[in-house]
Each structure stands twice: as structure tokens, then as C-alpha cells.
Amino acid sequence: MTRRPTSRKLMIMDPCVLIDFIKTDRSVLELVVKHVGPLYVTSPVVEEVKEIDDEDELVALGLIIVEPEIKDA
């Protein structure tokens, strides 16, 4: 049996993906964080999501919001 690495870093790179999860079932995001690993999203992606009031909603679901560095842009 092949073992999965214990540490995974998942990142949502597209606001459409985050919007889809928010509109359908937010608890899926919590399950990903709990069973797969940390889920990161950049602040510019968060800013494009009109379906949330503020970043705290995503943090409550377990998402980690990061500020991209200039070199990443």
C-alpha cells in the first residue's frame, strides 16, 4: 500500500472554485481541512468572492488566508 505524505499544502487559486464551494456547501471546506490538510487561499482571491461578508467567515471554516508576495504576482 502506498502511503500519502503526511503534510499537504492545498491552495485555492481561482475565485470560481471558492465561490462554488461557498454557494453549494461550505462544510465541504471544513472536511477538506480536517481530512486532507491545510487549505490556503490568497487575499486577492478572497476579495473577488462576493458571497462572503469578510475573511472571518473563511477562517471559521479553517481556511488560511495568505498575502501573496510581489514575486508571486
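This is a predicted model: local features need pLDDT of at least 70, side-chain atom pairs count only at pLDDT 80 or more; totals for chains, interfaces and linings use all residues.

Biologist: Which elements does the chain have, and how do they run from the N terminus on?

Modeller: The chain has 4 helices and 3 strands. From the N terminus on, the elements run β-α-α-β-α-α-β.

Biologist: Why is T42 called buried?

Modeller: The relative accessible area of T42 is 14%. Buried means under 20%, and T42 is therefore classed as buried. This residue is found in strand 2. Leaving out residues up to four places away in sequence, T42 touches M11, I12, V66 and P68.

Biologist: Why does P44 count as partly exposed?

Modeller: P44 has a relative accessibility of 36%. Buried requires under 20% and exposed over 50%, with partly exposed in between; P44 is therefore partly exposed. P44 is found in helix 3, residues 43-48.

Biologist: How much of the chain is buried?

Modeller: Of the 73 residues in the chain, 26% are buried. The accessible surface comes to about 5,500 Å², and carbon and sulfur atoms account for 53% of that surface.

Biologist: What makes strand 1 and strand 2 a pair?

Modeller: Two strands pair if at least two bridges are found between them. Strand 1 and strand 2 have 3 bridges, in the parallel sense, and therefore meet that condition. I12 stands opposite V41 in strand 2.

Biologist: How do you know that strand 2 also pairs with strand 3?

Modeller: The same test applies. Strand 2 and strand 3 run parallel and are joined by 4 bridges, where at least two are required; they therefore count as paired. Y40 has I64 in strand 3 as its bridge partner.

Biologist: Which way do the residues of strand 2 point?

Modeller: L39 and V41 point one way, while Y40 and T42 point the other way, and all are buried. In a regular strand the side chains alternate between the two faces of the sheet.

Biologist: Why are the buried residues of helix 1 said to lie on the same side?

Modeller: The buried residues of this helix are P15, L18, I19 and I22. They cover an arc of only 100° around the axis, and are therefore on the same side of helix 1. An α-helix has 3.6 residues a turn, so residues three or four places apart point the same way. The cover over these buried residues includes strand 1, helix 2, strand 2, helix 3, helix 4 and strand 3.

Biologist: What makes D14 a cap of helix 1?

Modeller: A side-chain oxygen of D14 lies 2.8 Å from the backbone nitrogen of C16. A polar contact has its N or O atoms within 3.5 Å, and the distance of 2.8 Å therefore falls inside that cut-off. D14 caps the N-terminal end of the helix.

Biologist: Which residues touch the most other members of the largest nonpolar core?

Modeller: That core has 14 residues, of which I12, L18, I22, L29, V41, L58 and L63 touch the most other members. Helix 1, strand 2 and helix 3 each supply at least two residues of this core. Helix 1 gives the largest share, 3 residues.

Biologist: Which residues is I22 in contact with?

Modeller: Setting aside neighbours within four places in sequence, I22 is in contact with L29, E51, I52, L58 and L61. A contact needs heavy atoms within 4.5 Å.

Notes
Residues are numbered from 1 along each chain as its sequence is written. Side-chain values use heavy atoms; hydrogens and water are left out. Buried means under 20% relative accessible area, exposed over 50%, partly exposed in between (1.4 Å probe, protein chains only). Accessible areas come from the Shrake-Rupley method with a 1.4 Å probe; for residues, only the protein chains shown count as cover. A nonpolar core is a set of buried Ala, Val, Leu, Ile, Met, Phe, Trp, Tyr and Cys residues joined through side-chain atoms within 4.5 Å. The arc is that of the directions from the helix axis to the C-beta atoms. A polar contact is a pair of N or O atoms within 3.5 Å; within protein, one must be able to donate a hydrogen and the other to accept it, and residues adjacent in sequence count only if both atoms are side-chain atoms.
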